[in-house]
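Visitor: I would like a close look at a single part of this model, with the terms and their cut-offs spelled out along the way.

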Amino acid sequence: MRNSKSILLVEDDNVDAMTVKRAFKDLKVLNPLVITTNGEEALQYLRNESNEKPCVTLLDLNMPKMDGIEFLKVVKADETLRKIPVVVLTTSKEESDIVESFNLGVAGYIVKPVDYKRFVEAIRAIDLYWTLSELPDGG
Amino acid sequence: MKLFWKIYLAAVIPAIVIGSLATYIVAVYQLSNEKEHAIGANMLASKLIAGQIEKGYVEFRWPFDSLRKLSQRDDFLFWWIVTDDGTIHLANDTSFIGTGAYTYFPQVGPTPSNGKSVLDKKRNCGVVMAPFGKAKQWSFWLGFSLEDLGKLQSRIIQVSVLLLLSTVGMLAVAVYFAVKHFTKPIRTLAEGAATIGKGDLAHRVQVQSKDELGYLAESFNEMAEHLEQTTTSIDNLNREISQRKKAEEETQRSYDIQGVINRLLSLSLENVSLEDMLERAIDDITSIPWLSLESRGAIFLVEDDIEVLVMKAQRRLSMSLQTMCSSVPFGRCMCGRAALSGQTQFADHIDERHEHRYEGISAHGHYCVPIVSAGKVLGVINTYVKEGHTYNKKEEDFLRAVSAVLAGIIERKRGEQKQAELLKQLESANKELNDFAHIVSHDLKAPLRGIKTLANWISTDYADKFDQAGREQIDLLLGRVDRMHNLIDGILRYSRLGRVKEEKTKVDLNELVPNIIDLIAPPESITITIEDELPVIECEKTRITQVFQNLLSNAVKYMDKPQGQIRIGCVQEDGFWKFSVADNGPGIEEKYFEKIFQIFQTLSTRDEVESTGIGLTLVKKIVQMYGGRIWVESKIGEGSAFFFTLPKREMGGKNAELQVNIVSRR
């Protein structure tokens, strides 16, 4: 990534979180990975002033308590949080999910590949992109 | 006075008058003739005797014979020889001699030389005087009686009157018959008119004279003919009018019945609850003017097959009755009896059957008509009539008709209710199933991903710890995980068909199908040809793509010949597009023709050809969603042909046709 700010992962599946962590490790992504298991928890983290704002949020959609779409609706309505780019990382191929996510201003939508190698490729692409792309200065 | 008598008298009276006058004139004439004659005869005799006396006086011969003859005459009265001073000189009656003749007949003046006659009506006699002598100083007076003349007169009168009477009598008879003959046709006509007037219009008069009367009779008959015709038409008209009136009443009745029934039926089609409808039914029934029902009543229904009537609707019933009759067991009171027997119960007063009553209940009667459907009592219509009302079959028939309609409506409403419930259940079941499939597959996928990832890591992280068998097993595990993943994806795709709706667009299959073929990328040994011009259809592009993709990829996947041939065709058939995808592959046994379209059914083992068995199921569901049909024709070893139809109308048939024409002209 462009900076060394943290990356927020909102993911309820342990193995998926492990996969991301492992991919980060394999790709030597140095940004700290903050893992929250649902939207509510992620919001709490984001709204906690003592926490540094992440540079990117990786968001799963199907989650308990508050799912990804609900989380997006809250975040994108929030003046201070809306500028943080959100990349959806989900298993859902539903057209409706894709459309709704982009309507809510996501920066990308990636369907989690089943195969780990391709998963790593996906994470590599995200890392590469956010290395090239400018990021808003986090508050 | 009858015409006959008028004409008769008109003819007879002048005849009598004229006859009488004529007779009178003739009689008078006859009489004066006789008088003349008598006078003349006596005059002649007296002149003769006067001459004889004169002559005898000269010759001294007395005409004794002549005087004797004279005195023997019937009308002889006297004879006198009178001197010119009037003294009777000689007479047949000597007592007169010496008396003055003029004293007897003062009206006789001096006698002229040619004689003279005098009639004395008082004494009913006449005297003729014939002078004689040289100086005519004598005169012979002959007195004669006019009695014979009187007799004659009366005889003449008698004869005349007789004659007159007989003439008049004959005339009267003749005129009678003449007039009778003359007036007969008129009478016939008059009688004919009277007969017709009395209503016998078929009556005709029989007059066959060739005069005006005959013509009149003819005209009369013609007139009668017309009259008969007219009257017949009037009669028919009247009959028709009365029939129509009757029919009109009947029509009004049926109209009212129809009106009630129509209102009920149309009401039943609206979204009105059964109870509201029943209330309206009571209002409708009681509002019919010719029906002697009071404007109150109730309708009971049987619920849940228990033999109890439950009041479902009522109009203007007293609170006591509403409470008392809120539920009525079969057999109890009027309504219960109607329900139990299935027969109408009629009462003209509150009789012993009317078991539900209360203090101060007002006098009334009832028609309680059961609502029966297929021999089953669904309920009872309870209507009120005034006390002492007479039973009228028409009223019962009407109520029965309404009850029959209500039975149908109740059955239908209940059916609809049941249907709606079932539909709702089905809908929710369907939705649940779809959601279930979606959620389950999603939830199944997540752990599966975990298994796969973890198995992957184990195989890489601990590669040196595995022996050959261990590695094979972990590979098998990963393969099975992939298969399960595909199956779940299949379920997801299938369930998405029912859940997700895409917008319909015009799809030119002539463009789409080649694209699909490119996407499948068949090996070089297989040729795919499009044999017909394909239509432009209006549909969800993804869906039609899925159909062709699945059929084509199946044909490619299972191809067992070195020179594979796949042909795509399309023909129009009975308002449908009939598409075909035919191959020269292994073919399918007929017993599997149905099975291949069922979900997760494949004919080859999974390890031979990796397949989920969802493809044809998807195709079938899509085709059926568009109202089409899919089937397969095949011969083992020679190949298979999959056919599916799409209705032209729903696929924008008109445009499609147009497009095809343009395409074929190109």
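Leaving aside its neighbours within four places in sequence, which residues is Val402(B) in contact with?

Guide: This is a predicted model, in which local features need pLDDT of at least 70 and side-chain atom pairs count only at pLDDT 80 or more, while totals for chains, interfaces and linings use all residues. Residues are numbered from 1 along each chain as its sequence is written, and chains are lettered from A and ligands numbered from 1 in the order in which they are written. Once neighbours within four places in sequence are set aside, Val402(B) is in contact with Val260(B), Ile261(B), Ala281(B), Ile285(B) and Ile381(B), where contact means that the C-beta atoms, placed from the backbone, lie within 7 Å.

Val402(B) also belongs to the largest nonpolar core, which has 42 residues, and is among those with the most contacts inside that core, together with Ala281(B), Ile299(B), Phe300(B), Cys335(B) and Val380(B). Such a core is a set of buried Ala, Val, Leu, Ile, Met, Phe, Trp, Tyr and Cys residues joined through C-beta atoms within 7 Å, and buried means that 20 or more other C-beta atoms lie within 10 Å of a residue's own. Elements of chain B that each supply at least two residues of this core include helix H5 (212-269), helix H6 (274-286), strand E11 (376-385) and helix H9 (393-461); helices (H or I, at least four residues) and strands (E, at least two) are DSSP runs, numbered from the N terminus. Domain 2 (271-391) and domain 3 (402-500) of chain B each give the core at least three residues, with domain bounds that come from an automatic or database domain assignment. A second, separate core of 38 residues includes Val507(B), Val536(B), Ile566(B) and Phe576(B).

As for chain A, 33% of its 139 residues count as buried, and five helices and five strands are found there.

Notes. Buried ≥ 20, exposed ≤ 12 C-beta atoms within 10 Å, placed from the backbone. Contact = placed C-beta atoms within 7 Å.
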